Amino acid sequence: MAHPTQLGLQDAASPVMEELLHFHDHALMIVFLISTLVLYIIVAMVSTHLTNKYILDSQEIEIIWTILPAVILILIALPSLRILYLMDEINDPHITIKAMGHQWYWSYEYTDYEDLGFDSYMIPTQDLTPGQFRLLEADHRMVVPLDSPVRVLVSAEDVLHSWAVPALGVKMDAVPGRLNQTAFVTSRPGVFYGQCSEICGANHSFMPIVVEVVPLEHFENWSSFMLQDA
């Protein structure tokens, strides 16, 4: 999860997020090189009074500074399109979970099970135990198995919400009357936090998302316990 004074993105917990991190670094390096070149040109123009007539009127230079930006845009666009299609791929999910946004909590339904669903509310600050995070902890976590394709169906009961978990590279709008879907595969176990990313009213800041990734055996034990408890 994010921590104070962090400059970069969160550590990736899914293959798609790893691709997004690589693309971020790739694009940032291009921006850095362009910024350095522009800064050098500005300093050179301000600090010298010499003029080169071939720079003022040169067909070759005009061709270069027309073609070069197009090449740079292609170098950015091709990896971006690849990741865009990767994020849209949903191949044979092992489990499907329906996430429903409410004012101001989330409810989860494991559609592969007959009766496995629960509401997830934020834990109030006064009820937190040592080590828990304020405004990010929920009383019920969405538990998913490790290394398994997970499909999440996202919708809302009342107003617009958005189901987002940065470490997994997932963000999907929850629209009343519409069923959107996204998918992810987790690459390591852990607890990953997110929040509603669409302004949805007075308590918009108080509906966290907590995804706990566990090995398949532990997930089966958890689901059996939840079904018995229901």
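A: A residue counts as buried when its relative accessible area is under 20%, as exposed when that area is over 50%, and as partly exposed in between. In this predicted model, Glu137 is buried, because its relative accessibility is 2%. Its salt-bridge partner is Arg141, with the closest N and O atoms 3.6 Å apart. Arg141, by contrast, is partly exposed, at 26% relative accessibility. Glu137 and Arg141 belong to one network with Glu212, joined by salt bridges that share partners.

The strands come next. Strand β10 spans residues 208–214 and pairs with β4 in the parallel sense over 4 bridges. Within this pairing, Met142 has Val211 of β10 as its bridge partner. The open sheet contains 3 strands in the order β4-β10-β9, and its pairing is mixed. From one strand to the next, the twist averages 25°. Helix α4, residues 216–229, packs on this sheet and touches β4 and β10, its direction making about 140° with that of β4.

The whole structure holds 4 salt bridges. Among them is the one between Arg82 and Glu19, at 2.9 Å from N to O. Arg82 is in helix α3 (residues 59–88) and Glu19 in helix α1 (residues 15–47), so this pair ties together parts 63 residues apart in sequence. Another salt bridge joins Lys171 to Asp173, at 3.9 Å from N to O.

Methods:
Residues are numbered from 1 along each chain as its sequence is written. This is a predicted model: local features need pLDDT of at least 70, side-chain atom pairs count only at pLDDT 80 or more; totals for chains, interfaces and linings use all residues. Side-chain values use heavy atoms; hydrogens and water are left out. Two strands pair if DSSP finds at least two bridges between them. Helices (H or I, at least four residues) and strands (E, at least two) are DSSP runs, numbered from the N terminus. Axes are lines fitted to C-alpha atoms, for helices over the stretch in contact, and angles run from 0 to 180 degrees between N-to-C directions. Contact means heavy atoms within 4.5 Å. A salt bridge is a side-chain nitrogen of Lys or Arg within 4 Å of a carboxyl oxygen of Asp or Glu. Buried means under 20% relative accessible area, exposed over 50%, partly exposed in between (1.4 Å probe, protein chains only).
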